[in-house]
Amino acid sequence: RKFGAIGWCIKYEYNTADLTACILFLEGHLYAGPISWSTLQYMVSEVQYGGKITDSVDRRMFNTYAEEFLRPGVCEEGFSYTPSAPVMPIPQNYKYTVPGHTELKPFKDYIETFPEADSPEISGLHPNAELTFRINEVNAMIATLGETQPKGGGGGGESIEDAVTRKATELISRLPEEYNEDDYKHKINKLGGLTIPLNIFLFQEIQRLQDVLSKVGFQLVQLKLAIKGEVVLTDELAQALGAIGGARVPHSWIYTLSGTEFSWILPSLGQWFSSLLARDDQDRTWLNKSRPPAFWMTGWFNPTGFLTAMKQEVTRKHKADKWALDEVDYRTEVTTMERVDQCRAAPPEGVYVHGLFLDGAALDNKQGLLVESVPKTLIVPLPVLFVSGLVRDEAIKRRIELFGKHGPYECPVYKYPVRGDGYPGNPDIKCFIFYVTLKCTVEKPRNHWTLRGVALLANETA
């Protein structure tokens, strides 16, 4: 839990009772005969602790911990939980072993020799996880200080009302032109009409973007009038005044009245507005010209809907092969194109997507292999990703041919860095998008990267 989302997607309330239940089960199991390691792993990861786990990726993580930490090798002499080749030196070069003592005191003495701070590598994480923890602590402190500082003017400087008026005027001048429904319906018909799944998706995205443009433009105008005293300063406008004055995004620009996602979640007003302009540029370019060769994955309200529409189009292309949509799985492949401008044309079927970031690992672009992160480099951009569909039987066959028996690492893709099926505190906001298959080596198989907490993010910050 210390390391946040890269450790567990959800902060579960594990306690001493869970540990006690596992110990009692193990004690009874030992009296019944030889240890059945698969039974012990299942009882610990799926029953005792696993009963609290609600996220599928967290369940996979715990099953991997049980598989790696509860196995016959731990009882062998000389076994150590310390990695044989750590990325960075373990504090005091300490060896975490399983002592073979029969008395209580030697165990207590051994525990007293533990380093004051354990390396994240003992838990399977990269040393960068410690840096992530420190950054999160500092960001939380700065946010608290920002919320508690005085909001009134002082010292003869610019008042908050003047600053917000100036900022509102600037944002209004940069706000894209609103969409006319008759106009964009006509243009979508020129692109092939609403019988094409991705055109339906574009239509829905423009509808939602238009709602955001309308909301932001109207509220900025009303805010300027309220500061002048020409309209009533409502609670919503007062909240927007304080947020814009502190360079934050007004709550009503991100969430609906019921608390669901209205736009997108970003920490600062500058980042949020830049995303608005980039999203508008992608939608408007597609609408006015043609389907782009590659899509910016971050720029969608509903990225899962985008992938589903793509899969529908691929299935229709294979109508003669009698493909059924519910039997088609995603097929993913990391290309050698590191920049989106290298993508000159769309693939024959499927799509190219960009804008994803790899967290917890790095990628050898030449070999397409997962490798360890560079120390102090937390995330790296992923090259352009090819996504298509493939019928399930062929997908299984292709996986064996490409990745061998040890298989690929199934990397989860999230809309926001907080990870999890739903956004913390608001499960109606879905963060998980889909899985991408990433190649790994026999020396560092998928279990290694599962414990590293490797994931792909559509947004660097949230």
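Hi everyone. Before we start, residues are numbered from 1 along each chain as its sequence is written. Because the model is predicted, local features need pLDDT of at least 70 and side-chain atom pairs count only at pLDDT 80 or more, while totals for chains, interfaces and linings use all residues, and side-chain values use heavy atoms, with hydrogens and water left out.

Let's begin on the outside. Helices (H or I, at least four residues) and strands (E, at least two) are DSSP runs, numbered from the N terminus. Leu145 sits in helix H5, residues 128–148. Is Leu145 buried or exposed? Buried means under 20% relative accessible area, exposed over 50%, and partly exposed in between, with a 1.4 Å probe and protein chains only. Leu145 has 51% relative accessibility, so it counts as exposed.

Now to helix H12, residues 303–317. Its 15 residues should span 21 Å at 1.5 Å a residue, and its end C-alpha atoms are 22 Å apart, which agrees. That expected span is 1.5 Å times one less than the number of residues. Buried residues in H12 include Phe306, Leu307, Met310 and Val314. What do the buried residues of H12 pack against? Among their partners are helix H8 (197–228), strand S2 (328–334) and strand S12 (432–438), where contact means heavy atoms within 4.5 Å.

Next, strand S3. In a regular strand the side chains alternate between the two faces of the sheet. Here, Val351 and Val353 point one way from S3, Tyr352 and His354 point the other way, and all are buried. Two strands pair if DSSP finds at least two bridges between them. S3 runs parallel to S1, joined by three bridges, and Trp296 has His354 as its bridge partner in S3. S3 also runs antiparallel to S8, again with three bridges; there, Val351 is partnered by Val387.

Five of its six residues are buried, so S9 is largely enclosed by the rest of the structure. Which strands does S9 pair with? With S12 it pairs in the antiparallel sense over six bridges, and with strand S13 (residues 455–457) in the parallel sense over two bridges. Val413 takes part in both: its bridge partner in S12 is Phe434, and it stands opposite Leu456 in S13.

Gly193 is buried, with a relative accessible area of 8%.
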